[in-house]
Amino acid sequence: MTRTQGRTLRHSAFTLVELLVVIAIIGILVALLLPAVQAARESARRAQCMNNLKQMGLACQNYVSTNDAQFPFGYAGPMERPPVRNYQKRGVFTELLAFMEEQQTYDLIQFDYGTDGVPNNPFADPARNQVVTAFICPSWPDPAVYAAAPAGFEYENGALVTYAGVGGAANSTDVNLIGGQYPDNGGFTLEQKNTSPRPTITGERRALREITDGLSQTALIGEFVHRDCPIAQPCDEFPGNVRPWYLAAFQQRPDSVPFIYSVKELEFTPNTQGLTRVIDGWNKMPMGSYHPGLTQFVYADGSVHVINDDIELQAYQALGTVNGGEVETR
């Protein structure tokens, strides 16, 4: 190697300082670009989530067109007896499957378990772990299937749904309480029958003619990802209060108040913190999402809307009712 070549090689090499400067510049560029990349990814997830809601809205419309102008059951219970069966599987999400190109999944569900040779075990359902893509928002950060519930809580296991039907608002105007608990003014509702010796609380299909506020003013299905987050305490672990889609509700007896998994009331604005199901009731847990500052809903007319977390409570509850006469304001 000649002396000139040696000098050329020495001048073409990077010094340690130069290398550190380059690394620092790359780090700054990455730090600047990362929020934009994350925002783009969230935008894509939100768009897919909106598409899920559109699918469910269209499925509801198709259901209405083939079922005497009525929307699906939010909860169709109680189960007929005997045998004793406490978990009802007929509800909004199982009802929609056949109208979402999910007929094969629908056919797996053991609705009337305990009869015709089927074991009387609601959790041994072939459909339990079947993930329905349209039932999981892509922004959901955890697995789509939960399988770690302790004994006695097996109803938590299965393929999850990060959406819930809208069951009205007890704090809105012109509302009766079914079973002393559930409002009767939602897109998904119940009825109380005067049976003997005690009244029976059962599901009811909401007829189109009963939505007097107008289909475009009535929220039907929205995002639901709630976890108990007591103020100044850690939030509940996965899956929180999100439940499998194949179970609609639990009802101890036909005359008892059901625990409905697939429907929620609009009593608190989206993503309200500091609420637990023990304090505020299973059906009163707030709707919400992992999209920053907003939650998406499909309305009874099939259109999808964005609701900001800071919406005025009365206006929000107006969206959850079918007959309050309110006009939406955001």
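1. Which residue in β10 does Y87 stand opposite? In this predicted model, the residue opposite Y87 in β10 is F250. Strand β10 covers residues 249-250 and is joined to β1 by 2 bridges, the two strands running antiparallel.

2. These strands belong to an open sheet of 3 strands, ordered β1-β10-β11, with antiparallel pairing. Because β1 (87-88) and β11 (259-260) each have a single partner strand, they stand at the edges, and one side of each is left without a neighbour in the sheet.

3. Another open sheet has 5 strands in the order β12-β4-β9-β13-β14, and its pairing is mixed. Its edge strands, β12 (263-264) and β14 (304-308), each pair on one side only. Between β13 (residues 294-299) and β14 there are 5 bridges in the antiparallel sense, and Q296 has V306 in β14 as its bridge partner.

4. The whole structure holds 15 aromatic pairs. One of them joins Y63 and F99, whose ring centres are 5.3 Å apart and whose planes meet at 65°, so the pair is edge-to-face. Since Y63 lies in helix α2 (residues 16-66) and F99 in the loop between α3 (92-96) and α4 (103-108), the pair ties together parts 36 residues apart in sequence. Y63 is buried, at 3% relative accessible area, whereas F99, at 26%, is partly exposed.

5. F250 and F259 form a tilted aromatic pair, with 6.4 Å centre to centre and 40° between the planes. F250 is buried at 17% relative accessible area, while F259 is partly exposed at 46%. Both residues belong to one aromatic cluster, which also includes Y87 and W282.

Terms used:
Residues numbered from 1 in each chain as written. Predicted model: local features only at pLDDT ≥ 70, side-chain atom pairs only at ≥ 80, totals over all residues. Heavy atoms only, no water. Pairing = 2+ DSSP bridges. Helix = DSSP H or I, 4+ residues; strand = E, 2+ residues; numbered from the N terminus. Phe/Tyr/Trp six-rings, centres within 6.5 Å; stacked < 30°, edge-to-face > 60°. Buried < 20%, exposed > 50% of the residue type's maximum accessible area, 1.4 Å probe, protein only.
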